[in-house]
Amino acid sequence: MSLQGKVAVVTGAGRGIGQAIATVLAARGASVAVWDLNHEGAEKTAAAIQEAGGTAIAVVGDAAAAAGVAEAAARTRAELGRVSILVNNAGITAYQPFTSISEDAWDRMIGVNLKGPFLVTKELVPDMLEAGWGRIVNISSSSAQTGAPSMAHYASSKGGVISLTRALAIEYADQGITVNHVPPGFIDTPLVREGPIDVEAAAAHMPMKRAGSPEDVAYAVAYLASEEAGYVTGQTFSVNGGRHLV
Ligand code: NAD
């Protein structure tokens, strides 16, 4: 499953799942633009890819703000060329009982997790339309499949990502562009480590007795980004170790 000759954008690739996705796509031959708000993280991911012999650039910017997205896209096109693979991975989370979710917290969650993929996709899909070939993979969440207490804003934002995936899959089905989503479930990343969950204790209750790794998600994304996945669109590719059979 070579990605040679492809240019990929991975948002939120400065750490966690996005970092693993960028690394795996680069290892398969794609030139990767590592987009992240976090300067240090973006540089670190890009440097590691380069050291391993791959091609990557670090692009610092807000993937949920139109101006930042336009700037990041312009730099990516200037340095790597037309974008053919987009992974909308950047996201935030929060745990709050429903009645304590403020309007600001709701807007911020929807703004980063749903409006972000809208803005980035809108900016980059013309490259794919021009080429008649594209792969869009959205990172959603198992919480949108199953529901999740104290995460109504997060789960709602990811539910929107699932609907966005399906709508675009149909809209672009006859133009060489596939759009799928990967809902991870309990992946051991800095985001999860910063939350209230005891990762080791929770892992003991998982069917596989372990949390997922960022690479577990990255390999699923790499398949969906490949030539071989050309007849797969609008689909859910769950990566949760059998925790949720959806
Ligand atoms: P993480 O916090 O470890 O990494 C997220 C990265 O995204 C960070 O480097 C951060 O700087 C970047 N980022 C955040 N907002 C950004 C913005 N507006 N613009 C650019 N970069 C931005 O998180 P993770 O656990 O690796 O999660 C990655 C994705 O997977 C998220 O969308 C998350 O919701 C989803 N997810 C994760 C899990 C899990 O178990 N870890 C489960 C379900 C879904």
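Which residue has a polar backbone atom 2.9 Å from a nitrogen atom of the ligand? In this predicted model, that residue is Ala63. An N or O atom in the side chain of Asp36 lies 2.6 Å from a ligand oxygen, and for the side chain of Thr189 the corresponding distance to a ligand oxygen is 2.5 Å. Taken on its own, the ligand has 830 Å² of accessible area, and the protein covers 93% of that.

Stepping back to the whole shell, 26 residues sit around the ligand, with Asp36, Asn89, Tyr154, Ile187 and Thr189 coming nearest. At least two shell residues come from each of helix 1 (16-27), helix 6 (152-171) and helix 7 (190-194). Helix 7 gives the largest share, with 3 residues.

As for aromatic rings, searching the whole structure turns up 1 aromatic pair. Its members are Tyr223 and Phe237, whose ring centres are 6.3 Å apart; their planes meet at 75 degrees, so the pair counts as edge-to-face. This pair ties together distant parts of the chain: Tyr223 belongs to helix 9 (residues 214-224), while Phe237, 14 residues away, is in the segment after that helix. Tyr223 is partly exposed, at 27% relative accessibility, and Phe237 is also partly exposed, at 32%.

One more ring is worth a look, that of Trp133. The charged end of Lys6 sits over this ring, 3.7 Å from the centre.

Note on methods
Residues are numbered from 1 along each chain as its sequence is written. This is a predicted model: local features need pLDDT of at least 70, side-chain atom pairs count only at pLDDT 80 or more; totals for chains, interfaces and linings use all residues. Side-chain values use heavy atoms; hydrogens and water are left out. A residue is near a molecule or strand if one of its heavy atoms lies within 4 Å of it. A polar contact is a pair of N or O atoms within 3.5 Å; within protein, one must be able to donate a hydrogen and the other to accept it, and residues adjacent in sequence count only if both atoms are side-chain atoms. Accessible areas come from the Shrake-Rupley method with a 1.4 Å probe; for residues, only the protein chains shown count as cover. Helices (H or I, at least four residues) and strands (E, at least two) are DSSP runs, numbered from the N terminus. Rings of Phe, Tyr and Trp (its six-membered ring) pair if their centres lie within 6.5 Å; planes under 30 degrees apart count as stacked, over 60 as edge-to-face and the rest as tilted. Buried means under 20% relative accessible area, exposed over 50%, partly exposed in between (1.4 Å probe, protein chains only). A charge sits over a ring if NZ of Lys or CZ of Arg is within 6 Å of the ring centre and within 35 degrees of the ring normal.
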